Amino acid sequence: MDNTINLIKLSVGSESVETLTAWQEMRRAQSPDDLPRHVTRMWPKREVEIVAGGSIYWVIKGAIQCRQRILRFDEVIGEDGIRRCAFVLDPEIHRTQSALRRPFQGWRYLKPEDSPPDLREGVSAEDSLPPELNQALAEIGVL
């Protein structure tokens with residue numbers, strides 16, 4: 001039995017995987033260990049299952065397009081004194097097959113069997129379909 005679980009989150013403001021990557025690289029310079037982070041209000045109750053090999057799947061422009069492995073969760077106390085959770089992420093971003101998702105707030109759990117597979121090894125951003133075509137194919141169930 002697989003004891004891992006993933007998370008899914010909208011990448012608000014990202015236009016593409018490249019803009020998500022650029023934003024994370026800019027923010028990494030501000031972290032003490034040079035690892036990307038995503039800070040959120042809620043701490044996952046299934047933390048053990050997530051850090052056992054789970055990833056965060058990023059929804060960009062209405063479709064899951066990539067994932068990053070979650071390394072750990074760090075406590076962050078904001079300037080307002082409120083405790084928050086920082087998802088500490090592996091800097092490597094893995095492109096996935098496109099999977100449509102409706103907008104939602106916050107993050108959600110995503111079972112491994114509901115997670116889209118990674119793109120084949122060696123398929124680069126230049127080899128992938130244009131986002132509009134990729135989304136159209138996903139809408140009709142081809143991808």
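Predicted model: local features only at pLDDT ≥ 70, side-chain atom pairs only at ≥ 80, totals over all residues.
## Nonpolar cores

The largest nonpolar core has 16 residues, and L7 is one of the five that touch the most other members; the others are I56, C66, I70 and F87. Two or more residues of this core come from each of helix 1 (17-28), strand 3 (55-60), strand 4 (63-77) and strand 5 (83-89).

In soluble globular proteins, nonpolar side chains tend to be buried together.

## The second largest pocket

The second largest pocket holds about 200 Å³ of space. Its lining consists of W23, R27, R28, Q30, S31, L35, P36, R37, H38, V39, V76 and A86. Helix 1 and strand 2 (37-40) are the elements that give two or more residues to this lining.

By residue class, the lining of the second largest pocket comprises six nonpolar, three polar and three charged residues. R37, one of the lining residues, also takes part in a network of salt bridges, described below.

## Salt bridges

Ten salt bridges are found in a search of the whole structure. Side chains of opposite charge can pair when their charged atoms come close. One of the pairs joins D74 to R72, with an N to O distance of 2.9 Å. Both residues belong to a network of salt bridges that also links D33 and R37. R72 is partly exposed, with a relative accessible area of 33%.

Another salt bridge connects E75 with R83, where the closest N and O atoms are 2.7 Å apart. R83 counts as partly exposed because its relative accessible area is 46%, a value that falls between the 20% limit for buried and the 50% limit for exposed residues.

E49 and R46 form a further salt bridge, their closest N and O atoms lying 2.9 Å apart. Are these two partners buried, partly exposed or exposed? E49 has a relative accessibility of 26% and therefore counts as partly exposed. R46, at 32% relative accessibility, likewise counts as partly exposed.

Note on methods
Residues numbered from 1 in each chain as written. Heavy atoms only, no water. Core = buried A, V, L, I, M, F, W, Y, C linked by side-chain atoms within 4.5 Å. Buried < 20%, exposed > 50% of the residue type's maximum accessible area, 1.4 Å probe, protein only. Helix = DSSP H or I, 4+ residues; strand = E, 2+ residues; numbered from the N terminus. 1 Å grid on protein atoms, 1.4 Å probe; cavity = no way out; pocket = protein on both sides within 12 Å on 5 of 7 lines; lining within 4 Å. Points joined across faces, edges and corners; volume = space filled by probe spheres on them. Nonpolar A, V, L, I, M, F, W, Y, C, P; charged D, E, K, R; others polar. Salt bridge = Lys/Arg side-chain N within 4 Å of Asp/Glu carboxyl O.
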